[in-house]
Amino acid sequence: MQKYKKYITKGINESLSKVPFHKKAPIKRISMLSKKTISESKIHAAVHFVDVNNKKISKYSILHKHDVDEINMILSHDDKLVYEIQLGDEIYKVKSPATIFIPKSLKHKADVISGRGIFMCLIMSNKYKTFKS
């Protein structure tokens, strides 16, 4: 029968530089859910696999905002994944495990500082717009 098979989708490898207001970085990005994969979904979800132990990488995120809310999650096995998160004019050093809620229209950016783990991005719509701040 398999009438619900359409709700199981394989992630799509995408370069971080293909995301608006992001530059190339040594991070593996997988788009897990979007209007491309399941048109009925109301959420856009992406996962970044991060491993910058003993490496310094350039900042790759450019300050931007969306017309919908966003949620970021920072996760690691050893609680040592650290990101620099900018919300508005405020900059925070955020260590895993952590959740960042970004209300619509709040300018923001996220850059990994150190560690190894997963950064999840959930945008609360599959039809959203991104603007430079």
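Colleague: Why is Arg 116 called exposed?

Modeller: Arg 116 has a relative accessibility of 51%. Exposed means over 50% relative accessible area, buried under 20%, and partly exposed in between (1.4 Å probe, protein chains only), so Arg 116 counts as exposed. This is a predicted model, where local features need pLDDT of at least 70, side-chain atom pairs count only at pLDDT 80 or more, and totals for chains, interfaces and linings use all residues. Residues are numbered from 1 along each chain as its sequence is written, and side-chain values use heavy atoms, with hydrogens and water left out.

Colleague: What makes Asp 51 and Arg 116 a salt bridge?

Modeller: Their closest N and O atoms are 3.9 Å apart. A salt bridge needs a side-chain nitrogen of Lys or Arg within 4 Å of a carboxyl oxygen of Asp or Glu, so the pair qualifies. Asp 51 itself is partly exposed, at 34% relative accessible area.

Colleague: How do you know that Glu 84 is buried?

Modeller: Its relative accessibility is 17%, so Glu 84 counts as buried. Glu 84 forms a salt bridge with Lys 59, with the closest N and O atoms 2.7 Å apart. Lys 59, at 48%, counts as partly exposed.

Colleague: Why is Asp 111 called buried?

Modeller: Asp 111 has 1% relative accessibility, so it counts as buried. Asp 111 forms a salt bridge with Lys 109, the closest N and O atoms being 3.9 Å apart. Lys 109 has a relative accessible area of 16% and is therefore buried.

Colleague: How many salt bridges does the structure hold?

Modeller: There are 7 salt bridges. Glu 14, Arg 29 and Lys 36 are linked in a network of them.
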